[in-house]
Amino acid sequence: MFKVGITGNIGSGKTTVCKIFEVLGIPVFYADDAARDVMVTDGELIAGIKQTFGSQAYLAGGNLNRKYIAGIVFNNKEQLSKLNALVHPAVFRAFDKWVLDQKDAPYVLKEAAILFESGSYKMCDRSVLVTAPLALRIKRVTDRDGITADEVKSRNDRQFTEEQKLALANDVIINDDTQPVIPQVLKLHRLYLSLAQQNS
Ligand SMILES: CC(C)(COP(=O)(O)OP(=O)(O)OC[C@H]1O[C@@H](n2cnc3c(N)ncnc32)[C@H](O)[C@@H]1O)[C@@H](O)C(=O)NCCC(=O)NCCS
Ligand SMILES: Nc1ncnc2c1ncn2[C@@H]1O[C@H](COP(=O)(O)OP(=O)(O)OP(=O)(O)O)[C@@H](O)[C@H]1O
């Protein structure tokens, strides 16, 4: 299966772009959603998280205490690395399993905020970066999630810069309100169809 990794810093619009690929019939694996899932279903992982971050990491009903963990990891690089080391292998496994069910697709997308930081781009055949300036990304996320600009910035600071990501990405979608996104997606979709065909 031809695999395209899609990423972009917080608020760049990668999920919005993925929805357009989905309309074109391309299955998308959302790593954030998969992480949410495994963190409440994988017993070994849950035990590891509790051991590392304390039993307060989970709420009484078994849900992840996201605010508590975010407060720790987005303010401390080492703590974030520990969380990543626990969660990412389980997400990689979930992706490999998911791909097996996508046999009829011409290619698949893997959406991950930290595709490059986690190294998972190396398991993809191609990568695409969605870009937008920081000020616009902050506005989008504060409007969407009701968190503060400082909270968005501290998450952004835990990610590679756009410049670092541009150096690693094969393709780019500019989502800064200066040009329409759909034609950019259509152009890449045609490219990926042809690359996937050559690959098969
Ligand atoms: C720390 C957690 C609990 C905070 O949850 P919260 O609901 O507040 O944020 P949410 O998950 O919606 O993430 C919002 C944004 O934060 C950024 N972010 C999330 N995880 C990470 C990370 N490991 N490194 C850098 N940035 C991250 C991304 O831009 C993401 O889109 C959660 O982000 C988490 O479990 N992260 C670790 C799992 C992970 O790495 N997920 C990313 C894809 S595998
Ligand atoms: N081109 C656009 N025009 C208008 N609104 C947009 C555009 N792109 C994204 N948005 C809005 O900006 C917000 C952030 O977009 P989206 O959720 O797709 O970003 P993301 O990169 O997936 O974010 P995160 O990393 O936080 O998960 C959303 O509310 C989305 O509707």
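Reader: How do the residues of the shell around ligand 2 divide into nonpolar, polar and charged?

Author: The shell around ligand 2 holds 4 nonpolar, 7 polar and 3 charged residues. Here Ala, Val, Leu, Ile, Met, Phe, Trp, Tyr, Cys and Pro count as nonpolar, Asp, Glu, Lys and Arg as charged, and the others, Gly among them, as polar. This is a predicted model, in which local features need pLDDT of at least 70 and side-chain atom pairs count only at pLDDT 80 or more, while totals for chains, interfaces and linings use all residues. Residues are numbered from 1 along each chain as its sequence is written, and chains are lettered from A and ligands numbered from 1 in the order in which they are written.

Reader: Which residues around ligand 2 come nearest, and which helices each supply at least two residues of the shell?

Author: Gly-13, Thr-15, Thr-16, Arg-140 and Arg-144 come nearest among the 14 residues around ligand 2. A residue is near a molecule if its C-beta atom, placed from the backbone, lies within 6 Å of it. Helix H1 (14–23) and helix H6 (134–145) each supply at least two residues of this shell; helices are DSSP runs (H or I, at least four residues) and strands likewise (E, at least two), numbered from the N terminus.

Reader: Why is ligand 1 said to lie between domain 1 and domain 2?

Author: Both domain 1 (1–27 + 105–200) and domain 2 (32–101) give residues to the shell around ligand 1, so the ligand lies between them. The domain bounds come from an automatic or database domain assignment. The shell has 21 residues, the closest being Ile-10, Ala-35, Arg-66, Ala-70 and Ala-113. Its largest share, 5 residues, comes from H5. By class, there are 15 nonpolar, 2 polar and 4 charged residues around ligand 1.

Reader: How far apart are the C-alpha centres of domain 1 and domain 2, and how many residues does the contact take from each?

Author: The centres of the two domains lie 22 Å apart. The contact takes 9 residues from domain 1 and 9 residues from domain 2, where contact requires C-beta atoms, placed from the backbone, within 7 Å. On the side of domain 1 that touches domain 2, strand E3 (108–111) and helix H7 (149–156) give two or more residues.

Reader: What makes H4 oblique to H5?

Author: H4 and H5 pack at an angle of about 125°, with their axes 7 Å apart. That angle makes H4 oblique to H5, since angles under 35 degrees count as roughly parallel, over 145 as roughly antiparallel, 65 to 115 as roughly perpendicular and the rest as oblique. Axes are lines fitted to C-alpha atoms, for helices over the stretch in contact, and angles run from 0 to 180 degrees between N-to-C directions. Ile-69, Ile-72 and Val-73 in H4 meet Gln-79, Leu-80 and Leu-83 in H5. This contact has 5 nonpolar residues, 1 polar and no charged.

How values were computed: Contact = placed C-beta atoms within 7 Å.
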